[in-house]
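Me: Hey, I've just opened a structure that's new to me. Could you walk me through it?

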Amino acid sequence: MNNRESSTPVTIRWAAGGTSALILDQTLLPNVREEKELATLDDFIEAIRSLRVRGAPLIGITAAIGLAALARQAAAEGVSADEFRTRFDGWADRLEQARPTAVNLVWAIRRLRARLKGASGSAGELAEALAAEADAIHDEDRRMCRAIGEHAATLLRGGEAVITHCNAGSLATGGIGTALAPVYVAAEAGRRVRVFADETRPLLQGSRLTAWELSRAGIEVTVLADNMAGSLFATDPPDIAFVGSDRIAANGDVANKIGTYPLAVLAHRHGVPFYVLAPTSTVDLGTPTGADIPIEHRDPDEVRRGFGPLLAPEEAGVYSPAFDITPAELVAGIVTERGIHRPPYVDSLAAAVAGAEEERRGRPIGRDAGSGGSPSRGRRHPRTGGRRRA
Ligand code: MRU
């Protein structure tokens with residue numbers, strides 16, 4: 001496991017020439033491992049919408065690289081700096097609409113907008129400033145994942161069974177993932193950790209992606225259909241739950257893949273500590289509570305057909321939210337690159353975001369992450385922070 005980082009799948013990279021990107025097409029996994037080139041604005045939007053690239057941090061990285069690629073194309077056409085800025089605003093406005101819940105998308109685009117606002121020079125110089133910002137976002141994400149993994153690995157002694165939902169692993173980020181990062185860090189240190197991966201209906205990110213990347217890394221993984229989690233908790237409960245997030249509200253309510261909330265309820269019922277792992281780029285201080293988070297609803301055919309023949313009559317209605325909200329009260333801790341935050345979350349999340357922004361202006365990310373949080377509440381497990389089993 002010592003070379004784990006170098007064997008992390010490459011989710012996105014620049015194509016030769018730096019005017020387009022190559023993504024690992026996640027809709028084809030685990031059957032086919034194939035890169036797809038994205039060159040136009042429509043290519044980038046389609047790839048994000050169709051989940052060829054997915055996972056909150058990777059969506060942000062893809063948007064940033066997409067904008068920089070389009071910027072270089074425009075510069076190569078020889079457009080004026082004014083025309084360049086006008087075009088950029090149009091691309092950014094459209095990309096922002098690609099998916100509504102993962103706040104990393106608007107966060108990354110906001111960073112590029114700010115970089116352009118503060119830059120001067122020819123279209124070529126402006127394009128290079130944007131490409132540098134996109135690379136910085138990608139690189140920072142890799143370091144934030146590593147820092148999250150190191151903080152959360154302190155919750156593992158070795159020998160644990162971890163349950164996770166959807167895919168918040170390396171395929172969802174530019175690094176070793178968020179929810180799976182501590183598993184990789186523990187494995188690197190020679191500690192055995194087993195993972196239960198919820199299949200994650202309807203698009204099966206758990207079985208197709210989480211099980212794929214963990215198996216590839218030599219980590220023991222067991223897939224279960226989502227409706228089997230209750231039985232698992234009742235008969236042989238996992239020790240800890242680690243999930244990612246698409247947006248964390250200022251009060252610590254968490255939006256994540258549909259099915260996360262029932263997992264948190266189960267964990268609560270069975271005294272299993274439930275942790276959310278996400279970079280500060282996923283924390284949205286402008287959204288006060290989970291009720292304010294926009295929830296994406298997807299094509300009914302994703303439920304009706306899945307990946308094959310009709311599984312429900314065409315005329316049947318379909319309820320298909322892509323995300324749900326887990327209230328902060330069910331979350332034992334939120335792990336960011338700044339440390340492990342404990343409830344109540346309002347102050348510690350605000351401090352973490354402010355600290356990350358300050359660090360970004362000066363020092364490298366993840367070097368001085370502290371506990372960042374308020375003292376824990378209630379009777380909690382000394383290492384995991386969760387409620388003790390009855
Ligand atoms: O619809 P998806 O596959 O983009 O949903 C992804 C998730 O819900 C992840 O858990 C979340 O984005 C965190 S990824 C580190």
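Me: Before that, what should I know about the model and the numbering?

Reply: This is a predicted model, where local features need pLDDT of at least 70, side-chain atom pairs count only at pLDDT 80 or more, and totals for chains, interfaces and linings use all residues. Residues are numbered from 1 along each chain as its sequence is written, and side-chain values use heavy atoms, with hydrogens and water left out.

Me: Which residues touch the most other members in the largest nonpolar core?

Reply: Those are Leu67, Phe84, Phe88, Trp91, Leu95 and Leu130, out of 46 residues in that core. A nonpolar core here is a set of buried Ala, Val, Leu, Ile, Met, Phe, Trp, Tyr and Cys residues joined through side-chain atoms within 4.5 Å. Buried means under 20% relative accessible area, exposed is over 50%, and partly exposed is in between (1.4 Å probe, protein chains only).

Me: Which element gives the largest share of this core?

Reply: That's H2, with 13 residues. Helices (H or I, at least four residues) and strands (E, at least two) are DSSP runs, numbered from the N terminus.

Me: And what does Trp91 touch?

Reply: Leaving out residues up to four places away in sequence, Trp91 touches Leu41, Leu67, Leu70, Ala71 and Ala74. Contact means heavy atoms within 4.5 Å.

Me: OK, sheets now. What is the strand order in the three-stranded open sheet?

Reply: The order is S1-S2-S3, with antiparallel pairing. Strand S1 (12-14) and strand S3 (35-38) are the edge strands, each pairing on one side only. From one strand to the next, the twist averages 25 degrees. Two strands count as paired if DSSP finds at least two bridges between them.

Me: How many bridges join S1 to S2?

Reply: Three. Arg13 has Leu22 in S2 as its bridge partner.

Me: What lies across those strands?

Reply: Helix H2 does: H2 lies across S1, S2 and S3, at about 20 degrees to S1. Axes are lines fitted to C-alpha atoms, for helices over the stretch in contact, and angles run from 0 to 180 degrees between N-to-C directions.

Me: Switching to S13: are its faces covered or open?

Reply: Both faces of strand S13 (residues 333-336) are covered, with Gly333 and Val335 buried on one side and Ile334 and Thr336 buried on the other.

Me: Which way does S10 run relative to S13?

Reply: Strand S10 (residues 274-277) runs parallel to S13, joined by three bridges, and Tyr275 stands opposite Gly333. S13 also forms a hairpin with S14, with two residues between them, and Val335 stands opposite Ile340 in S14.
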